[in-house]
Amino acid sequence: MSAIVDEPSRISPLTQNGDLHSLHHAANGDTIEELTKEVEVLKKKLEEERAKFNDVALNVVAQKLDPITSFQLKSRRSLKGHQSKVLALDWSCDKRHIASSSQDGKLVIWDAFSTNKEHVVTMPTTWVMTCAYAPTGSCVTCGGLDNKITLYKLSTDEDISKQKRVIASHTNYISCNQFVFSDQQLLTGSGDSTLKLWDVETGQLMQTFQGHQADVMCLDISPSEAGNIFLSGSADHVALVWDIRSGQYVQIFDGHESDVNSVKFHPSGDAFASGSDDATCRLFDLRADRQVGIYKKDSILFACNSVDLSLSGRLLFAGYNDYCINVWDTLKSVRVSILYAHENRVTSVQVSPDGAALASASWDSTIKVWA
Amino acid sequence: MSNLATQRKLVEQLRREGAIERKKVSQVCKELITFCEAHQQSDALVAGFTNQKENPFKEKAGCLII
């Protein structure tokens, strides 16, 4: 990892300002054709370099492992109340509350134990595509087609919509948002193809991350604070690894043949899983700098919208447009189980912070808790 | 950002990425397996609960006092 983290220091600050003269020295091509040609040459070289390190497949190394036989997950709760498609969910750190947002323009805070709705907030927009709990559990953020992220302070006694504040904005819809290790900073991803880092208290923009060539669909922050890196996935079919401090991307992961809808760090922080419109999920390793696993079947034809990993990284949960949640053994690359219960597309899956349960959101307007 | 600037940035990144230190896939796979084995016992979704009473979402049997 050290080699990766050290990389951004070598980037000339001038290139960030778009100074054409310095760029001329940095990358020789003058025209888009020359540059495109050079990209192809470099990609080929990179592929050859990566291939040298690809000495064995993950499922071969994992052959000696015992298969997972004890897997038994049941739908234990169904959270009902949204009037339309549920687009996103996020667990609270208390492992009990869940925030969800929907096409009906509502943000709901649920008590997943009792299935009660503790707060319902009406947003000024429909298609609330993303919501996030702050790490302390004291506030929730959400946004979507309004191109903004609004923060709501959670209190037990009053209408939380009175306590709202806009803290982030983009020039296109916001697809994802996540707090960065504390309640102080928020990272957002947008259809404007950028990600932005915000100071929550002041709403000040701290950094813009430019590099994707199409809509940003998803992001995930490294489980290791020392890493200072995060992931993004985009409609340009690639996932990027970014250095938070420098604002530059440090690794490119390609392989998916369509939009990357979801990226999630492996709990070790050394790898990540992804889900795509190409109906596959993949596992990429940062240190090998390449894809090490692929999870697909001829019978799976529909897009994967969301992925998450169990606490040990052994299981990969993936929600699809065919109403199913497929459970994959990440190491053996085989499907362990299929979770049926939703009656429409599964938009979001997330393992609870203690790893004891899985929550899933669907176009069928419900959220289900599996344990 | 213009398409030209994006492509330039990509060229630079690909050059840098060509030079990074890599680990062999066999090595990283072993490490992923080691991590998994070290945490599998505490992974309730893989190992299940040793006792269903520990499952916070287990439905209560019989009548429920509200």
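**Note on the predicted model of chain A**

1. A:D289 counts as buried, with 25 C-beta neighbours inside 10 Å (buried: 20 or more other C-beta atoms within 10 Å of the residue's own; exposed: 12 or fewer; partly exposed: in between; C-beta atoms are placed from the backbone). Its phi is near 60 degrees, a positive value in a residue other than glycine. A:D289 belongs to the loop between strand 20 (281–285) and strand 21 (290–295) of chain A; strands are DSSP runs of E with at least two residues, numbered from the N terminus.

2. This is a predicted model, in which local features need pLDDT of at least 70, side-chain atom pairs count only at pLDDT 80 or more, and totals for chains, interfaces and linings use all residues. Residues are numbered from 1 along each chain as its sequence is written, while chains are lettered from A and ligands numbered from 1 in the order in which they are written.

3. A:S365 has a positive phi of about 75 degrees, although not a glycine. This residue lies in the loop between strand 27 (358–362) and strand 28 of chain A, and is buried, with 20 other C-beta atoms within 10 Å.

4. Strand 1 and strand 28 (residues 366–370) of chain A run antiparallel and are joined by five bridges. A:K80 stands opposite A:T366 in strand 28 of chain A.

Conventions: Two strands pair if DSSP finds at least two bridges between them. Helices (H or I, at least four residues) and strands (E, at least two) are DSSP runs, numbered from the N terminus.
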